[in-house]
Structures are given as structure tokens and as C-alpha cells.
Amino acid sequence: MLKYLVFSIALCGFACNAFAEEMSLEDTIAEVNDSVIGIVADNAEKQALGAGIVLSEDGYVVTNAHVAENADKISIITTEDEQYDAKLIGTDAKTDIALLKVDNPHNFKPASFADSDLVRTGNSVFAIGNPFGLGNSVSLGIISAKERDIEKGPYDNFIQTDTAINQGNSGGPLFNTDGEVVGMNTAIFSTDGNNMGVGFSTPSNIVQWVVGELKKNGKVERGWIGVGVQKVRIENSEQKNNLVVTAMSEDSPAAKAGFKVGDILLKVGDMELTNPRMFSLQVSQMAPNTELPVIVLRDNQPQELKVTVALMPEEKELKSPKTEKGEPESSYRHKFGTEIKPLAMTVNYDENNQEVVVESVEEQSEAAAKGIREGDKFKTLNGHKIFGIEDLAVKIKEASAKGQVILQFVGEDGFDTITLNLKDDK
């Protein structure tokens with residue numbers, strides 16, 4: 001199972017320090033060690049220990065949201081054993097990132113950041129963190145893979161590494177051999193909570209973008225066009241995979257622009273259109289009011305559209321997604337949530353906890369007979385986490401060929417797994 005760590009990353013100014021090519025690894029580590037600090041977050045119930053990365057000389061530090069959120073007091077400890085109180089500027093649950101600020105710091109040394117898009121599998125990297133509270137410790141490895149989806153959030157795009165990462169490394173940086181941050185250590189795959197050689201880091205480009213949003217707004221404002229997509233292959237296409245629209249929110253920018261469920265995306269601005277997660281990530285980083293030229297394939301004919309990116313609304317504000325025939329997946333907006341006819345229930349999405357909450361279940365339905373009740377919370381559908389109402393609609397659509405779904409949920413009696421036949425929603 002995945003064990004998520006508490007870490008931080010330090011965002012610096014966007015300039016990178018120059019490291020001489022002949023600088024030894026030992027000298028590089030010594031050069032960057034002071035940019036990694038320890039974090040202690042206290043509340044009435046527990047104490048969280050993690051790491052953070054210095055972003056600027058005036059006291060900005062980035063760390064993992066799990067370290068800092070809900071803390072009554074946050075302390076930062078430098079390599080010189082200097083201790084500072086830190087205030088929380090903002091957090092982003094979808095990327096597990098928190099921005100902290102220290103007043104009047106002394107000799108804060110910012111880290112430098114690399115372009116994580118240029119990272120390649122096999123590159124040598126090293127991590128600095130605070131494993132088991134031992135203080136700044138270094139481990140060495142390579143990048144094992146890129147663009148990993150571990151179902152931690154809707155924008156998963158993790159760098160995988162075999163560098164030793166343990167509890168307490170949370171929020172610590174993953175450096176390249178030039179001493180530049182390429183990622184923020186965020187999770188490990190483990191059966192016992194300790195390192196098994198499979199760790200995951202949030203790419204530095206995502207960290208820098210999120211920190212910029214938190215610094216500017218105290219929260220992350222994401223772009224949104226209101227579609228759910230999945231992969232599709234097109235005969236004679238230049239691309240190995242394309243994306244097809246499988247769900248769309250009513251009154252969304254995409255709906256207003258003339259998108260239809262079933263459209264195959266050939267062009268959306270300058271975005272890559274081969275990976276659903278990367279598409280969602282790219283849209284989310286678009287500024288509201290950005291106008292994107294679009295070409296879709298509809299009935300084997302290209303259609304030109306223009307869509308204007310909007311500010312992503314809260315999930316509870318979204319209207320029902322549409323099916324492939326363009327009809328609303330729900331016949332109406334329930335006063336509590338969205339009616340999902342194939343599951344015979346009405347649900348809402350808890351943005352903070354990233355989980356689907358059941359608001360009502362049809363009497364005499366299979367779901368009711370198998371124990372689904374109001375207040376139950378979906379954990380997975382067909383083994384996958386759910387990241388919003390649109391995502392739920394896409395996953396149900398993907399399962400429609402089999403006619404049933406495997407649903408894991410938590411109710412009054414604890415964790416349970418059931419199989420539900422999909423109800424005809426026509």
C-alpha cells in the first residue's frame with residue numbers, strides 16, 4: 001500500500017545557481033544542504049515531523065500540506081539549529097503542498113530549481129530529508145520513471161525514484177547532481193511504512209506553480225473548461241493515442257463553446273492530447289479568460305471551436321455531467337448533490353477530503369439492498385479513486401461495457417466492497 005509522507009519543498013526564485021561541472025558530488029551536497037530545513041508541526045493531538053525547502057532569503061518555505069495543516073504551532077529548524085516560528089500562508093490539498101513564511105530569518109539560503117520536464121529516466125539524483133528525526137540525511141539513487149499515477153490526487157504526475165525515502169523525509173527535495181531541485185518527495189510504496197526502493201516526488205515545475213498561486217492568492221486558482229476525457233485510438237492518426245470527451249458539465253465553458261460528448265480532441269491550444277491526467281493538469285494551470293483554439297473530430301469531420309478557460313468552481317457548484325448522447329447524466333440537480341442514475345443514488349463530492357459522499361439512495365434499489373446508506377463514502381470504483389463528479393461520470397462510462405462496477409466504501413459498519421449492476425439511465 002502507499003504510505004504518504006510529510007514533506008516540503010523549498011521554492012526559490014526562478015533563477016538557478018551555477019554549479020561548476022567539475023564540482024564533486026560531496027561539494028554539491030555541502031552547497032545545498034543548508035537549503036533544506038526541519039519542520040515540527042504541533043497540535044493538541046499529535047506532532048508531525050517533516051522537512052522543507054527554503055524558497056527565498058526573506059523566509060518563504062514550502063512543505064507538504066500534511067505536515068502543516070491543522071497545526072497550532074509550526075516551527076522551522078535550520079542546519080545551524082536556529083529555530084523560528086512559521087505561519088501558514090496557504091495549502092493545496094490536490095497536490096499536498098503548503099507554503100510557510102518566517103519573519104526576519106537569518107542567513108536563509110534558497111534552493112535552486114530545475115525544469116522537471118527535462119528530467120530523464122536513469123538520471124542520478126539525491127534526496128535530503130529528516131528520516132526518523134535524525135536530522136539532514138542524504139540518500140543517492142536514480143530516476144526510475146516519470147508521469148506516475150498513484151491515485152493520490154487528480155493531477156498525479158509523479159517522478160519515481162529508488163532513492164531511499166523514509167518517514168521524516170516528507171517534503172524534502174530531490175536534487176539532480178547539479179544541486180537543483182527536480183522534485184518534492186511526497187510518497188512511498190511500502191508494506192511496512194519504510195523504504196522499499198519505490199518513492200514518488202512531485203515535479204519541481206508543479207511545485208513552483210502551486211507556490212506561486214499560494215503566494216499570490218493564499219489558495220490555488222485553477223483553470224477549468226468542464227470536460228472529462230479518456231484515451232481513444234484513431235485509425236491512421238499521427239498520434240498513438242487521442243482523447244475523446246466522455247463527460248461534460250452543463251453551462252461549462254466547453255458546453256458554451258459547442259463541445260459535444262463523443263468529440264475527439266485534435267487540438268486544444270498547444271497542449272499535448274495523449275494523456276487524460278496531463279490534459280487535466282495543463283488545463284488547470286491555464287489562467288482564467290484564456291481563449292484556446294480547438295479542433296475536434298466529429299462524425300469523421302474536423303470542427304473548429306474556441307473555448308474560454310474559466311476559474312474552476314467548487315465541486316458542489318458543478319451541474320450534472322452529460323452522457324455520450326449529450327443528455328444530462330442526472331435528470332435534475334438534487335438539493336444536496338447530483339443524481340447518478342446508473343448507481344441509483346444521489347451523491348456529492350467533498351473537495352477537502354477528496355471523496356464521494358452518498359446523499360440519498362433509491363428505495364428498492366440494488367445499492368440499498370447491498371447496504372449503501374446516506375453518509376457512506378466511496379473509497380474506490382473499480383479499484384480507482386474518484387476525483388470529482390465529472391471523473392465519476394467518466395469511470396461509470398468506462399465500466400458500462402461490463403454493465404457493473406466494483407465499489408469500495410466506508411459506512412457505519414466500516415469498510416466494505418460490493419458489486420453493483422449499472423442501472424439503465426435512459
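These are my notebook entries on what I looked up in this predicted model.

**Ground rules**

I number residues from 1 along each chain as its sequence is written, and I work with heavy atoms for side-chain values, leaving out hydrogens and water. Since the model is predicted, local features need pLDDT of at least 70 and side-chain atom pairs count only at pLDDT 80 or more, while totals for chains, interfaces and linings use all residues.

**Entry 1: the whole chain**

I started with the elements and got 7 helices and 27 strands. Helices (H or I, at least four residues) and strands (E, at least two) are DSSP runs, numbered from the N terminus.

Next I looked up burial: 52% of the 426 residues count as buried. Buried is under 20% relative accessible area, exposed is over 50%, and partly exposed is in between (1.4 Å probe, protein chains only).

The accessible surface comes to about 19,900 Å², and carbon and sulfur atoms own 44% of that. Those areas are from the Shrake-Rupley method with a 1.4 Å probe; for residues, only the protein chains shown count as cover.

I also checked contacts (heavy atoms within 4.5 Å). Of those between residues at least 6 apart in sequence, 60% join residues at least 24 apart.

**Entry 2: the cores**

Which residues have the most contacts inside the largest nonpolar core? They are Leu-55, Val-62, Ile-97, Phe-175, Val-210 and Val-211, in a core of 26 residues. A nonpolar core here is a set of buried Ala, Val, Leu, Ile, Met, Phe, Trp, Tyr and Cys residues joined through side-chain atoms within 4.5 Å.

Elements giving two or more residues to this core include helix 1 (25-32), strand 9 (124-129), strand 13 (180-189) and helix 5 (276-284). Helix 3 provides the largest share, 6 residues. I then found a second, separate core of 23 residues, with Met-345, Val-358, Phe-378 and Leu-422 among them.

I traced a closed barrel of 6 strands in the order 2-3-4-7-6-5, with antiparallel pairing. Two strands pair if DSSP finds at least two bridges between them. Neighbouring strands in this sheet are turned by 40° against each other on average, direction ignored.

Strand 3 (residues 47-54) and strand 4 run antiparallel and are joined by 2 bridges. At Val-54, the bridge partner in strand 4 is Val-61.

Helix 3 packs on this sheet, touching strand 4, strand 6 (83-92) and strand 7, and its direction makes about 55° with that of strand 7. For angles, axes are lines fitted to C-alpha atoms, for helices over the stretch in contact, and the values run from 0 to 180 degrees between N-to-C directions.

I checked the length of helix 3 too. Its 14 residues should span 20 Å at 1.5 Å a residue, and the end C-alpha atoms are 20 Å apart, so the two agree. The expected span is 1.5 Å times one less than the number of residues. Buried residues in helix 3 include Ile-206, Trp-209, Val-210, Glu-213 and Leu-214. Gly-218 follows the helix, with a positive phi near 80°.

**Entry 3: the open sheet and Glu-355**

Another 6 strands form an open sheet, order 22-23-24-25-26-27, with antiparallel pairing. Strand 22 (338-340) and strand 27 (414-421) each have a single partner strand, so one side of each is left without a neighbour in the sheet. Strand 23 (residues 345-350) pairs with strand 24 over 6 bridges, and Asn-348 stands opposite Val-357.

Helix 7 (residues 389-399) lies across strand 22, strand 23, strand 25 (377-381) and strand 26 (404-411), at about 130° to strand 23.

Leaving aside neighbours within four places in sequence, Glu-355 contacts Asn-348, Tyr-349, Asp-350, Lys-377, Phe-378 and Lys-379. I also noted that its C-alpha is 6.8 Å from that of Ile-386, 31 residues apart along the chain.

**Entry 4: two positive phi values**

Asn-104 is not a glycine, yet has a positive phi of about 50°. Asn-104 sits in the loop between strand 7 and strand 8 (112-113) and is exposed, with a relative accessible area of 74%.

Gln-364 is not a glycine either, and its phi is positive at about 70°. I found Gln-364 in the loop between strand 24 and helix 6 (366-369), exposed at 78% relative accessibility.
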